Amino acid sequence: MKLTRYLFSLAVIALLTANLAPAIAQSSIPAGSVRIHYHRNNADYAGWTIFDWTGALHPSPSYQDPGTPPPVSDDFGVYWDIALVPGATQLFFIVRNADGSVKNCQSDMILDISKGPEIWLLQNDCTLYTTKPRTDLVGNIKAARAYWVNRDTLAWFGAEPNDTYRLFYSPDAGIIDIATSGAEGDGKSIPLIVDPNGLSQTVIEKFPFLNGATALKIAPSQLGQIPSLLKDQLVLVKFTGAQPADATSLQLPGVLDDLFYFDGRLGAHFADGAVRFRLWAPTAQKVRLFVYDSPNGTVPTIYPMTQEELGVWETKAGDDSWVNHKYYLYEVTVFSRAEGLVVTNVVTDPYSLGLAADSVKSLVVDLDSPSTKPLFWNLIPKPPLDSPTDIVLYELHIRDFSISDTSVPDKDRGKYTAFTHIFSLGMRHLRSLAKAGLTHVHLLPSFDFSSVPELASEQKTPDITLPISAPDSPQPQAAITAVKDQDGFNWGYDPYHYGTPEGSYSTDANGIKRIREFREMVESLHSIGLRMVMDVVYNHTFRRWAGSNVRP
């Protein structure tokens, strides 16, 4: 009996010890190193390695042959210890597969060493976790690795045809995550069907980069609910058997083009005795109009907006007294994939024709009203051009043209109005070029951009000590760096509103003066025989764009 009790006690102690001990012992992080943990869903770590450079004591000799020692296994997956250069504040690295053809994250990874010497990475996730994350989650519901290409077709690379798929949705962003045990939160779902024929030729022609992706189809009986689903949080989940194996969010431009293509007039326009406000926002759940009496107004009059056809929200308000005087904003309630939440953004109109200073509000504008036009706007014709092959261009930056020209009055230097001084040094030079055969002035970006304070009173000036002490003195560069993005200069390749002239080039960034002065510039160039072309940079969106908070 005593022997039985003794053996039972040993068994209990052994069991408790086994439960308390770590699955795999892990050594401490070597001094002067960082530890990078990595987890792959199927534990397929063979060949995976790290390519590192800036910050590493022994940087990889090449991407093809990183030379990093093999990883060490632990209860998370594997880890690498990377020795750092003394005093390093960052480590640049890439986690890649055996031949370098697959990166865990498409972007270069940058470890901020001030946040600690240890990070954790998950498969296909660019997040650098500073605390150990869960490993029972599948995929990444914020990363959009699948494409909704038209009303009934989704495309996903790496989606196995033998697996099954469901599209989860939640109008209140209630899908918390997807774990191996199932979806967490309040999401509902519809089934998707793998199309054995793959993507149609029409889809491939429109999206050639999707050639080879698995095609997933929505049943015809469920197509009627697609417009409402596009307003929701969306997560595409792959199941192997009954267990989730991967999850991703969706990129939506294809299906939005298919269902909501709209070629009508948008923005604020006076018609039929009222101002009609129209905003294309097919994924918005709610939109309201805020109207202000002045550019600095803080208390708006609020008008509800209704969603009409093709994703356009609309309302009519006011009368002709609003034109060129009233300012407005939109309040847009919409799901944000980046935040994983339904958010409410107060935004300017992407289709603005006028703005308050620094683009804080949109302005109701009628470009045909006399107050937006110079006196002779309709009288000075555009210079003739027999053939496009006759064009001779002169590229010009509006501010640079006159900012240092002492023949231009101080208040007009760097402004549209500098061009109205036809006997200034700059305009005399352009006139001489026109006589020599120049046909066009090509303006660097002159529509509203983000990187310059529009009020001259808020612009800073570099404090450059004169005379400069030496040709290679660092002082001028240091002085310019100190006021970077706070001074009056930028090339303008960071457009914000594509339909409104830049306010920093106007003598008054509020109201319609920027519009009239822009036209005065055009009129003056036409009067000396020069046409204009504009660098509109439609392919640039920089850090923000006026539409980015309308349809995140």
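The model is predicted, so local features need pLDDT of at least 70 and side-chain atom pairs count only at pLDDT 80 or more, while totals for chains, interfaces and linings use all residues. Residues are numbered from 1 along each chain as its sequence is written, and side-chain values use heavy atoms, with hydrogens and water left out.

Confidence is given as pLDDT, the predictor's score for each residue from 0 to 100. The chain has a mean pLDDT of 92. A value of 70 or more is reached by 93% of its residues. Residues 1-23 stay under 50. For this stretch the model has 1 contact (heavy atoms within 4.5 Å) beyond four places in sequence. Where pLDDT is low, predicted coordinates should not be read in detail.

Strands (E, at least two residues) and helices (H or I, at least four) are DSSP runs, numbered from the N terminus. Two strands pair if DSSP finds at least two bridges between them. An open sheet is formed by 4 strands, in the order E17-E18-E22-E21, with antiparallel pairing. Its edges are strand E17 (267-271) and strand E21 (306-307), each of which pairs on one side only. Strand E17 meets strand E18 (residues 274-280) over 5 bridges, antiparallel. Here Gly-267 faces Arg-278 of E18. Strands E18 and E22 are joined by 6 bridges and also run antiparallel. Val-275 stands opposite Ala-317 in E22. Strands E21 and E22 pair over 2 bridges, with Thr-306 opposite Glu-314 in E22. These two strands form a hairpin with 4 residues between them. In the turn, Leu-310 has a positive phi of about 60°.

Burial is judged by relative accessible area: buried is under 20%, exposed over 50%, and partly exposed in between (1.4 Å probe, protein chains only). Strand E22 (residues 312-317) is mostly covered, with 5 of its 6 residues buried. Strand E14 (residues 214-218) is mostly covered too, with 4 of its 5 residues buried. Strand E14 pairs antiparallel with strand E9 (residues 153-156) over 4 bridges. Strand E14 also pairs antiparallel with strand E13 (residues 188-194), over 3 bridges. Lys-217 of E14 is the bridge partner of Thr-153 and of Ile-193.

A pocket is an open set of points on a 1 Å grid over the protein atoms alone, with protein on both sides within 12 Å along at least five of seven lines; lining residues have an atom within 4 Å of a point. The largest pocket has a volume of about 480 Å³. Its lining has 27 residues. Asn-41, Gln-123, Lys-238, Ala-245 and Asp-246 lie nearest its centre. Strand E8 (140-150), strand E15 (233-240) and strand E16 (243-251) each supply at least two lining residues. E16 gives the most, with 5.

His-39 lies in strand E1 (residues 33-39). His-39 counts as buried because its relative accessibility is 11%. Beyond four places in sequence, His-39 touches Tyr-45, Phe-76, Leu-121, Leu-122, Gln-123 and Thr-135.

Ser-504 sits in the loop between strand E30 (495-501) and helix H8 (513-527). Ser-504 counts as buried because its relative accessibility is 4%. The side chains of Ser-504 and Glu-502 make a polar contact of 2.7 Å. Such a contact is a pair of N or O atoms within 3.5 Å; within protein, one must be able to donate a hydrogen and the other to accept it, and residues adjacent in sequence count only if both atoms are side-chain atoms. Beyond four places in sequence, Ser-504 touches Lys-415, Val-452, Pro-453, Glu-454 and Gln-459.

Terms used:
On a 1 Å grid over the protein atoms alone, a cavity is a set of points where a 1.4 Å probe fits but cannot get out, and a pocket is an open set with protein on both sides within 12 Å along at least five of seven lines; lining residues have an atom within 4 Å of a point. Grid points are joined across faces, edges and corners, and a volume is the space filled by probe spheres set on the points.
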